[in-house]
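Hello,

Here is the structure I promised you. Please open it first, then read my notes below.

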Amino acid sequence: MVQGLSVPDWPGVGASVLLVALAALIAYRQRLHLTRELLIASVRAGVQLVAVAAILLVVFRHTGLPGALVWVVLMIGIAGQVAGRRGAGLPHAIRSATIGVAFGAVITLGVLILLHVISTQARVVVPVGGMIVSGSMQATGVALRRLREDARAARPEIEARLCLGLPAREAFLPYRRSALRTALVPTIDATKVVGLISLPGAMTGLILAGVEPLTAIRYQIVVMYMLLAATALAALAAARVAERYLFDDAQRLVVLPA
Amino acid sequence: MDSGRTHPGMAEGARGTTGVRGRIAPFGRGGGARAARVGQGCYVRGIVLEQIGVSYGENAVFTDITAALPSGRCTAIVGPSGVGKTTLLRLLNRLAEPSSGRILLDGVPITELDVLELRRRVGLIPQRPTLVEEIVVDEVRVGRPDLTDAEVLALLARAGLPETFLHRQCRELSGGEAQRVCLARGLAVRPQVLVLDEPTSALDEVAAAAVGKLIGEHTGGGGAVVLVSHDSTFVGTVADDILLLDDGRLSRLGEFGERGLAPRAVAFDAAAARAEAAQGGGARAVAIGAEAIAPGEFEADGIRTAAHEAGASAREDREA
């Protein structure tokens, strides 16, 4: 398969810098005040990717599965920070987000590995893990943001239920549901239109690399299914953890900073 | 609390605010009918506040409030806006926590009760009617999903709503109708203490009369009612005790005669009189002891006028 790869060589990459120059020229001539930023972004992207490639090279060649899993754990940590910031204002938002992403990623990746759906090679585990963590991160961020908005706006409704002696979990149930719906709908929609509107990343990559479309879609199907599970699990876990921190021991909705 | 001990704060509070004579002492642990009998033959059940204080950081909302909110009586808490009346009510079912002091329900500190049980026994109906379901019948069932349609109808009727409301859309209700649906929803869990925050703020006189009747039934059945209201006429009609919360202190404003006895004084306006008529003539004694009112000492929104009127009419009554 490696022989059939139709990937740009380094001179090719160098030639593509011309395109950056083209964009920079437009920005300069049109006085967009973006030239500097555009050039920095281009250099930064190159350096970042080279660095990541170097690390991945080490992981793939020398550390095997354990190294890949360490890499996935690092991604989970970063994703937790990013998604947690979406829920800023919720108590322990980052912890909730990290637990959510970890829950979704570990179960999904674990099932894929244990059922031998994907190989345990680092070069497979890292990118698949990346897709799973990224999907979990987005769903978790959306869910937490929605929870925070509802916990603020729906305080009277939540307290109305608490006043009737309902436990916090029941009083908050409608809002947990709506947060989960909001988090899952984008993934479900993407699953519906996959291949029709967009050729998703994994499939595009395989096709670019010269793999037959019928082979490429096998990977894409697995990717879509695993993303559904990962987003559902991650959003659910994050919402449950966040909900626990939203109520105190006396089943009271805590005061959220404005 | 062991049953031989007397709580000084409680005894003082009960004496100071409700006129219950004698030492209030040992309460049995537990709730409901197991309230202890007091030495001189009066039962005291319900809620006792012991040296309650609430403060946010440096700012004290109120400090050292001691009072009894006994069963069988309706206690109204009045006072200017923003003095913490609603906060005080929220302490009763632990939607808020006092910074100091403690609250007893039938002699048991409420922090020792299961909080869900506490909230069913102390039913707080918030001021702003907040409906959470789509149709009225489901709304009334939120806390009691097992209720039959007939039971829901009975609850609506107690709150002053006809049976046509059973399947009405909640979002189409007026403010006053929503307020009464909230009341029916709160009654559904059969609270022992009914805590009403501005129960008539959106109600017309006839609807307010229905709420007044309901309060009378609740206290008559041995329950306690605690309410906050700016509606002086309503307070004058339904309250057995009036407590003024102002300047961080809770003081007794008035005490009405025992229910069923001849009224010591009556201060009804036309609406209140209609309310009485709606109750089937069970005339409620409404008397604010004139001596308890020092004119100019309080400015409790609309209450001032009413108390003055009531005081005047009490005086006239005695002279006559």
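Start with Ala238(A) in this predicted model. Leaving out residues up to four places away in sequence, Ala238(A) touches Ser96(A), Ala97(A), Ile99(A), Gly100(A), Thr140(A), Ala143(A) and Leu144(A). Contact means C-beta atoms, placed from the backbone, within 7 Å.

Ala143(A) and Ala238(A) also touch the most other members of the largest nonpolar core, which has 133 residues. Such a core is a set of buried Ala, Val, Leu, Ile, Met, Phe, Trp, Tyr and Cys residues joined through C-beta atoms within 7 Å. Buried means 20 or more other C-beta atoms within 10 Å of a residue's own. Helix 8 (residues 213-246) of chain A gives this core its largest share, 14 residues. Helices (H or I, at least four residues) and strands (E, at least two) are DSSP runs, numbered from the N terminus.

Now chain B. Four strands form an open antiparallel sheet in the order 2-1-4-5. Strands pair if DSSP finds at least two bridges between them. Strand 2 (59-70) and strand 5 (108-109) of chain B are the edges, each pairing on one side only. Strand 1 (residues 46-56) and strand 2 of chain B pair over eight bridges, antiparallel. Val48(B) stands opposite Ala68(B) in strand 2 of chain B.

Residues are numbered from 1 along each chain as its sequence is written, and chains are lettered from A and ligands numbered from 1 in the order written. As the model is predicted, local features need pLDDT of at least 70 and side-chain atom pairs count only at pLDDT 80 or more, while totals for chains, interfaces and linings use all residues.

Best wishes

Note on methods:
Buried ≥ 20, exposed ≤ 12 C-beta atoms within 10 Å, placed from the backbone. Contact = placed C-beta atoms within 7 Å.
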